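Hi,

Here is the structure I promised to pass on.

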Amino acid sequence: MTDTSAFIAGLPKAELHLHIEGSLEPELMFALGRRNNVDLPFRSVEEVRAAYEFSNLQDFLDIYYQGAAVLQTEQDFHDLAMAYFDRLAADGGVHAEIFFDPQTHTDRGLPFSVAIEGLLSGMRAAEARHGLTSKLIMCFLRHLDEDAAFNTLRAAEPWLDRITGVGLDSSEVGHPPSKFEKVFKAAGERGLLRVAHAGEEGPPAYVWEALDLLHVDRIDHGNRSLEDEALTARLVAQEMTLTVCPLSNHKLCVVDDLTRHPLKRMLDLGLKATINSDDPAYFGGYIGANYQAVTQSLGLTRADLVTLARNSFTGSFLDEERVALHLQAIDAYAAGPV
Ligand code: HPA
Ligand code: ZN
């Protein structure tokens, strides 16, 4: 391990953009398929991995929704979450705010309770096993309509004290944030925080809408904001956190080469960028691999890495005291011998 690799591995970090269904590794997909008698359109783990060649977001989503069909019981969601948290802990992750897509599961007949109870149980077990903390963000699928999102918000009512926020994911182009203005307002009135995927494939106008119509607390991805100077200035002035996902961007052809990834430019412009894995089982690596890959391809310095790790906590939904403790831990680590 080089000095910088070791520095990244030990750097305390939080993950703010992780779809738990996207952490379903092919091995677990097959194990759950067998356990639940769900047939998969693949014969082997190798065949699954070979299918993970995407030319855009929709290519990926088609296969990702298919894979999620093996998740049937609370135990499955618990196991899925634990497998992710084990990987996070191994990468120096100490906190995660994880997305889940209830509609992907309720639309195939699972009760709302199954996914959320399994995930909450995995989150508790991860805290006991690794000492890491986590929060849950419920995403609405934007290719579905706003009524369906309202139904999901209603179904979530008994669990709202255990859900930190709502998000917006799935096919971006053609499904602007404005489509979900009312349901985001209702979520805000229920005390939920708000985030939205914007500017991954969609235009800067979608990022403006996420800010002005959805009143988001973070922007997920946000890459295309850089095409609009006024928007960039707004995001800098507002200290808006962007949850950037480098390996995802490469796999989904949002960037053609990691050496041209905008992360370094974002930092230099004063944007509050963070590094995240998005759907690590599909995009070739967990949070540590994302840090390592951009550090190599963009020549990030230790100061950049410390900034990125600090941003992951100041941009998190943890309370101020906990954030301060994590920042102290980063500073102590950066001043240490590694
Ligand atoms: N973008 C939009 N929707 C998603 C993604 C993504 O990267 N991953 C899972 N759902
Ligand atoms: Zn995402």
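Helices (H or I, at least four residues) and strands (E, at least two) are DSSP runs, numbered from the N terminus, and two strands count as paired if DSSP finds at least two bridges between them. Across from His-197 you will find Asp-220 in strand 6.

Before I go on, this is a predicted model, where local features need pLDDT of at least 70, side-chain atom pairs count only at pLDDT 80 or more, and totals for chains, interfaces and linings use all residues. Residues are numbered from 1 along each chain as its sequence is written, chains are lettered from A and ligands numbered from 1 in the order in which they are written, and side-chain values use heavy atoms, with hydrogens and water left out.

Strand 5, helix 10 (residues 204-212) and strand 6 form a right-handed β-α-β unit. Right-handed here says that, with the strands pointing away from the viewer, the path from the first strand over the helix to the second runs clockwise. Strand 6 is also joined to strand 7 (residues 241-244) by three bridges, again in parallel, with Ile-219 partnered by Leu-242 in strand 7. To get from strand 6 to strand 7 the chain passes through helix 11 (residues 229-237), in a right-handed β-α-β crossover.

Zooming out, the open sheet has eight strands in the order 1-2-3-4-5-6-7-8, with parallel pairing. Strand 1 (13-19) and strand 8 (272-275) are at the edges with a single partner strand each, so one side of each has no neighbour in the sheet. On average, neighbouring strands are turned by 25° against each other, direction ignored. Angles run from 0 to 180 degrees between N-to-C directions, and axes are lines fitted to C-alpha atoms, for helices over the stretch in contact.

Helix 7 (residues 112-130) lies across strand 2 (93-100) and strand 3 (133-141), at about 160° to strand 3; contact means heavy atoms within 4.5 Å.

On a 1 Å grid over the protein atoms alone, a cavity is a set of points where a 1.4 Å probe fits but cannot get out, while a pocket is an open set with protein on both sides within 12 Å along at least five of seven lines; lining residues have an atom within 4 Å of a point. Points are joined across faces, edges and corners, and a volume is the space filled by probe spheres set on them.

The largest pocket has a volume of about 200 Å³. Its lining has 13 residues, with Leu-120, Met-123, Ser-134, Lys-135 and Arg-162 nearest the centre, and helix 7 and strand 3 each supply at least two of the lining residues.

There is one cavity of 30 Å³ or more, and the largest cavity has a volume of about 100 Å³. It is lined by 15 residues, of which His-19, Leu-57, Phe-60, Leu-61 and His-197 are closest to its centre. Helix 4 (residues 57-67) gives the most to that lining, with five residues.
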